[in-house]
Amino acid sequence: MNTSQAPQYWLMKIEPDECSIDDLAALPGQTVPWTGVRNYQARNFMRDGMRVGDQVLYYHSSCAEPGVAGIAEVASTAYPDATQFDAKSPYFDPKSKPEAPRWLHVDVRFRRKTRLLPLKDMREVPALATMRLLQAGSRLSITPVSPEEWQAVMALLDR
């Protein structure tokens with residue numbers, strides 16, 4: 001962990017059929033490369049904001065009941081996402097070149113599975129009213145979470 005600053009907090013969305021919290025827990029080293037991000041703002045969060053040791057709300061999206069399913073942590077600094085160069089990958093980007101990669105990713109490590117904290121329940125908590133996830137039109141797959149929002153989510157998960 002970067003000891004020069006306190007850990008930051010993030011929410012990272014993933015479809016559970018791609019890599020659920022249970023899948024992450026079962027992987028070797030309980031770590032997964034967070035590939036396939038093709039949004040510049042989300043990429044910039046990984047490149048410019050994330051540090052090893054930052055805490056992550058592991059959020060299941062595009063499923064019957066979206067919500068926080070576990071806690072993870074950032075396990076690497078940002079590095080080039082190899083899927084951008086693989087023509088067989090759904091994340092292939094023909095405009096990206098190995099000498100000037102357009103897309104980056106970080107590795108994410110499992111910390112613990114939690115009870116599912118559904119999106120609908122999060123919307124009912126005043127302390128989360130400003131959380132980016134809950135803002136109208138918010139579709140980013142990676143968003144920062146304030147320390148106050150993190151504490152509110154942890155309190156909900158510990159109920």
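Begin by selecting Val56 and Ala72: Val56 stands opposite Ala72, a residue of strand E4. The model on display is predicted.

Strand E3, residues 55-60, is joined to E4 by six bridges, and the two run antiparallel. Next, follow the hairpin that E3 and E4 form; six residues lie between its strands, and Ser62 adopts a positive phi near 50 degrees there.

Now select E4 by itself, residues 67-74. This strand is mostly covered, with eight of its eight residues buried. In a regular strand, side chains alternate between the two faces of the sheet. From E4, move to its other listed partner, strand E7, which comprises residues 107-118 and pairs with E4 in the antiparallel sense over seven bridges.

Is Asp107 buried or exposed? Asp107 is buried, yet it has no salt bridge. The nearest side chain of opposite charge belongs to Arg109, 7.1 Å away. Display the side chain of Tyr79 as well: the side chain of Asp107 makes a polar contact with it at 2.6 Å. To view the surroundings, leave aside the neighbours of Asp107 within four places in sequence; the residues then in contact with Asp107 include Thr31, Val32, Pro33, Glu73 and Val74. Ala75, Ser76 and Tyr79 are also among these contacts.

Turn next to the nonpolar interior. In soluble globular proteins, nonpolar side chains tend to be buried together. Select Met12, Leu24, Trp34, Met50, Tyr58 and Ile142, the residues with the most contacts inside the largest nonpolar core, which has 23 residues. At least two residues of this core come from each of strand E1 (9-14), helix H2 (21-26), helix H3 (40-49), E3, E4 and E7. A second, separate core contains 21 residues; for orientation, select Tyr9, Leu117, Ala152 and Val153, which are included in it.

Finally, go to Arg159, in the segment after helix H5 (147-157). Why does Arg159 count as exposed? Its relative accessibility is 76%, and the cut-off for exposed is over 50%. Arg159 and Arg115 are separated by 44 residues in sequence, and their C-alpha atoms lie 9.7 Å apart in space.

Technical notes: Residues are numbered from 1 along each chain as its sequence is written. This is a predicted model: local features need pLDDT of at least 70, side-chain atom pairs count only at pLDDT 80 or more; totals for chains, interfaces and linings use all residues. Side-chain values use heavy atoms; hydrogens and water are left out. Buried means under 20% relative accessible area, exposed over 50%, partly exposed in between (1.4 Å probe, protein chains only). Helices (H or I, at least four residues) and strands (E, at least two) are DSSP runs, numbered from the N terminus. Two strands pair if DSSP finds at least two bridges between them. A nonpolar core is a set of buried Ala, Val, Leu, Ile, Met, Phe, Trp, Tyr and Cys residues joined through side-chain atoms within 4.5 Å. Lys and Arg count as positive and Asp and Glu as negative; His and the chain ends are not counted. A salt bridge is a side-chain nitrogen of Lys or Arg within 4 Å of a carboxyl oxygen of Asp or Glu. A polar contact is a pair of N or O atoms within 3.5 Å; within protein, one must be able to donate a hydrogen and the other to accept it, and residues adjacent in sequence count only if both atoms are side-chain atoms. Contact means heavy atoms within 4.5 Å.
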